[in-house]
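Take a look at the chain below.

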Amino acid sequence: MDALGRELQKAGLNELALAQLFGPAWTSDDVPLVLDRYRTGDPRAALVRAFVLGERVAPDSLPVSADTLVDAGLLELDADGALARVRLTPFAGLLVAHDAEAEDANFVTGVNAASRTLATLTVRVPVERALDVGTGSGVEALLAARHAKTVVATDINPRAIEYAALGARLNGLELDLREGSFFEPVDGEAFDLIVANPPFVVSPDSDYVYRDSALPGDAVCREVVRGAAAHLRPGGFATVLCNWICRTPEERWEPLAEWVDGLACDALLLAHGAVEPLRYASRWNEPLRSDPEAYAAAVGRWLDYYEREEIAGIGIGAVVLRGRDRPGWVRGFTAPRPAVGSASDHLLRLFAAADHGDADLLDRRVALVRGHRLDQTLVYGEEYSVAGVTMSLAEGVGLVAEIDPDALPLLFELSPAQTVRAAAVAADLEPMEVLPVVRRLLEHGLLEVQGS
């Protein structure tokens, strides 16, 4: 079936073609409008109508044989035309199969913000064995199969296992699919890479397998984090997407520290913010807005739950672990920007920085990471003055490092050709005074130590 997958992508069911076809509307609700107004005669439009929107189409309008699609179980024909049996979403060169809408508890989601974030925050290095916990459509397992010799994917939902198997066939990849809850199907096994997008929503409900767990509060994410650590080989990496309870409005990553206490791992705790209860409840109950009474009742029930449990906010982010043979270090970051692109190299630099420390940093050679962005804020009084300087990456975890404006000259002197101490002298700055800036940039993955 991988030949059919390639044929569908060649016919236009791929991200590049769809971006060219629709522009910015490709990932928005405006796709039907663009189709109706501008793209009625484009043969790719029929593929989008059938497999992205789930509309009935004329069989002869498809650029791929309808009979072939029927034989593959992707399409069904009747007197009124052709109707897709599954939805197909192009993502990262893959075709991901999934359900259309949340019609029952076993609904299988497609590519969404959570799966994109997890894909971004996964370390991409060649490995022997990878594990995708709660695989859903199988998108994370399929991505891992590109750099892992063996990929095991688990899910308690049998429909998810079926969709992941279909995705593997369409993309010509092999997955070891096992039905069961979280780590139960891999008891006693160890892996070099673990990814998990568990049912992390903090709510009083248990309506959907992909969203809700039977455990209270944020316990499911805590258990998956600790389970990942128990199945991680030394030197291997695990990324678990999480939501967690914040007891005060100021908390960000801090509640996660207890989750990783005593684990045989190094741990990066990444918070992309905290959502206040009303906004969180509204977001997750958005599909009910068409029924105002049901929507109001659901949001009210969730808010009652948050008040009863004394929940001030819900943290969003991830825990990234590296396996060890004993407990390691723990570092927490608040990332004010979304994780975008591939954060793999950025994550590896964050781990390397924590390993290195700064005992001899002044006498080491360092280099600024390519692709960084330096932002300077000027405030006008009698004249312009520098109010703030920050450095960030266009692609990565989403961290932003503040820099002392007085240390700006140092940045233009840092290079692999000279030590930090020599760069400070060249910038006419005291070496010990620039050490905090260099340390901060290193800790945020914006510098690389050379020759380490």
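A polar contact is a pair of N or O atoms within 3.5 Å; within protein, one must be able to donate a hydrogen and the other to accept it. Keep that in mind for this predicted model.

Start at helix α10, residues 277-284. Glu-276 caps its N-terminal end. A side-chain oxygen of Glu-276 lies 3.0 Å from the backbone nitrogen of Leu-278. Within α10, the buried residues are Pro-277, Tyr-280, Ala-281, Ser-282 and Trp-284.

Now move to strand β6, which spans residues 148-155 and holds Asp-155. Asp-155 is buried, yet has no salt bridge. The nearest side chain of opposite charge belongs to Arg-159, and it is 10 Å away. What does the side chain of Asp-155 reach at 2.8 Å? It reaches the backbone nitrogen of Gly-136. Leaving aside residues up to four places away in sequence, Asp-155 touches Gly-134, Thr-135, Gly-136, Ala-160, Ile-161, Arg-178, Glu-179 and Gly-180.

Leu-378, Tyr-380, Tyr-384 and Val-386 make a nonpolar patch of about 450 Å². Two strands, β14 (372-380) and β15 (384-393), each supply at least two residues of this patch. Leu-378 sits in β14. Is Leu-378 buried or partly exposed? Leu-378 counts as partly exposed because its relative accessibility is 43%.

Key: Residues are numbered from 1 along each chain as its sequence is written. This is a predicted model: local features need pLDDT of at least 70, side-chain atom pairs count only at pLDDT 80 or more; totals for chains, interfaces and linings use all residues. Side-chain values use heavy atoms; hydrogens and water are left out. Patches are made of residues with over 30% relative accessible area and no salt bridge: like charges are joined within 9 Å, nonpolar side chains (Val, Leu, Ile, Met, Phe, Trp, Tyr) within 5 Å. Accessible areas come from the Shrake-Rupley method with a 1.4 Å probe; for residues, only the protein chains shown count as cover. A salt bridge is a side-chain nitrogen of Lys or Arg within 4 Å of a carboxyl oxygen of Asp or Glu. Helices (H or I, at least four residues) and strands (E, at least two) are DSSP runs, numbered from the N terminus. Buried means under 20% relative accessible area, exposed over 50%, partly exposed in between (1.4 Å probe, protein chains only). Lys and Arg count as positive and Asp and Glu as negative; His and the chain ends are not counted. Contact means heavy atoms within 4.5 Å.
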